[in-house]
Amino acid sequence: VFTCCWSVKGGSGVSVVAAALALIASRDAPTALVDLCGDLPAVLGIPEPADPAPPVTITATLTLVPHGSDAAADAATVVVDAGCVDHVDSRRGMVAATAERSLLVVRPCYLALRRATRLGLRPHGIVVVAEPGRALRGDDIAAVVGAPVVAEVPFAAAISRAVDAGLLLARCPVALASALEVAR
Ligand SMILES: Nc1ncnc2c1ncn2[C@@H]1O[C@H](COP(=O)(O)OP(=O)(O)OP(=O)(O)O)[C@@H](O)[C@H]1O
Ligand SMILES: [Mg+2]
């Protein structure tokens with residue numbers, strides 16, 4: 001399966017979701033995580049690859065294709081971190097448009113939903129990063145975007161702290177892993 005994770009606003013949580021999805025998938029099958037943005041070494045807590053870098057072995061079943069690498073993602077499961085897409089015809093937009101499974105990562109934010117509808121790129125599914133204090137719910141978001149919510153990831157201090165400490169790979173927070181298990 002070739003999954004592309006993308007957003008319409010910076011800082012939505014795409015890199016965290018893509019890394020966690022790849023980590024979960026790698027328990028079952030060889031998985032390649034493709035970094036189109038450059039944050040994944042820091043998210044995974046691994047040294048910054050040289051430039052241009054060949055694929056990096058993370059675990060026996062998880063490989064990172066670093067940002068700027070022209071290596072093919074050669075694995076049964078591929079997860080792409082396409083970051084923020086601002087035009088359908090941009091490179092990132094084309095990856096999202098052609099993915100077997102295209103996942104929009106979005107906060108329950110009206111401005112983000114407005115951008116998503118204006119972009120004209122309908123995902124197969126939505127991953128909501130559910131910040132507290134927002135009025136929009138999963139079914140509102142699904143109705144506006146026109147795709148099902150496949151996972152609701154809680155906005156949790158345990159997740160941001162794990163990311164800041166580079167521990168997402170070593171100790172993936174239970175709240176993140178269990179929320180994404182359903183969207184694997
Ligand atoms: N579920 C979550 N709970 C708490 N904090 C989160 C969660 N997801 C992401 N974050 C935090 O939000 C910030 C942005 O996350 P991330 O880098 O994954 O977003 P992004 O969409 O990849 O950003 P960019 O557009 O810059 O690529 C980071 O500080 C991260 O730790
Ligand atoms: Mg990112």
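In this predicted model, and leaving aside residues up to four places away in sequence, Leu36 touches His67, Val80, Asp81, Ala82, Arg91, Arg92 and Val95. Leu36 lies in the loop between strand 2 and helix 2, and at a relative accessibility of 11% it counts as buried. The C-alpha atom of Leu36 is separated by 7.1 Å from that of Gly83, although the two residues are 47 apart along the chain.

Two strand residues can be described in the like manner. Thr31 lies in strand 2, which spans residues 31-35, and is buried, with a relative accessible area of 1%. Its contacts, not counting residues up to four places away in sequence, are Ala22, Ala25, Ser26, Thr61, Leu62, Thr63, Ala75 and Thr77.

Val105, for its part, is placed in strand 6 and is buried, with a relative accessible area of 0%. Val105 touches Cys5, Trp6, Ser7, Ser12, Gly13, Val14, Val17, Val127 and Val129, again not counting residues up to four places away in sequence. Between the C-alpha atoms of Val105 and Val128, which are 23 residues apart along the chain, the separation is 5.9 Å.

In helix 4, residues 110-119, the buried residues include Ala112, Leu113, Ala116 and Leu119. Because these residues cover an arc of only 125 degrees around the axis, they are on the same side of helix 4. Tyr110 and Arg118, on the other side of helix 4, are exposed. The cover over the buried residues of helix 4 includes strand 1 (2-7), strand 6 (101-106) and helix 5 (138-145).

In helix 6, which runs over residues 157-164, Ile159, Ala162 and Val163 are the buried residues. Their arc around the axis is only 100 degrees, and they therefore sit on the same side of helix 6. On the other side of helix 6, Arg161 and Asp164 are exposed. Among the elements that cover the buried residues of helix 6 are helix 1 (14-25), helix 2 (40-44), strand 8 (149-154) and helix 7 (174-181).

Most residues other than glycine have a negative phi, and most peptide bonds are trans. Helix 4 is followed by Gly120, whose phi is positive, near 75 degrees, and helix 6 is followed by Gly166, with a positive phi near 70 degrees. The peptide bond from Asp51 to Pro52 is cis, with omega near -5 degrees, and Pro52 has its place in the loop between helix 2 and strand 3 (56-59).

Around ligand 1 there are 16 residues, of which Gly11, Gly13, Val14, Ser15 and Pro154 come nearest.

| Residue | Protein atom | Ligand 1 atom | Distance |
|---|---|---|---|
| Ser15 | polar side-chain atom | oxygen | 2.9 Å |
| Val16 | backbone N or O atom | oxygen | 3.0 Å |
| Ala156 | polar backbone atom | nitrogen | 3.0 Å |

On its own, ligand 1 has 630 Å² of accessible area, and the protein covers 80% of this area.

The cysteines remain to be considered. A disulfide is a covalent bond between the sulfur atoms of two cysteines. With a cut-off of 2.5 Å between the sulfur atoms, the count of disulfides comes to zero. Cys4 is in no disulfide, and the nearest cysteine sulfur, that of Cys5, is 6.7 Å away. Cys4 is buried, with a relative accessible area of 0%, whereas Cys37 is partly exposed, with a relative accessible area of 26%. For Cys37, the closest cysteine sulfur is that of Cys84, and the distance of 8.7 Å between the two sulfurs is too far for a bond.

How values were computed. Residues numbered from 1 in each chain as written. Chains lettered and ligands numbered in written order. Heavy atoms only, no water. Buried < 20%, exposed > 50% of the residue type's maximum accessible area, 1.4 Å probe, protein only. Helix = DSSP H or I, 4+ residues; strand = E, 2+ residues; numbered from the N terminus. Arc of directions from axis to C-beta. Contact = heavy atoms within 4.5 Å. Near = heavy atom within 4 Å. Polar contact = N/O pair within 3.5 Å; in protein donor to acceptor, adjacent residues only side chain to side chain. Areas by Shrake-Rupley, 256 points an atom, 1.4 Å probe, with all protein chains shown as cover.
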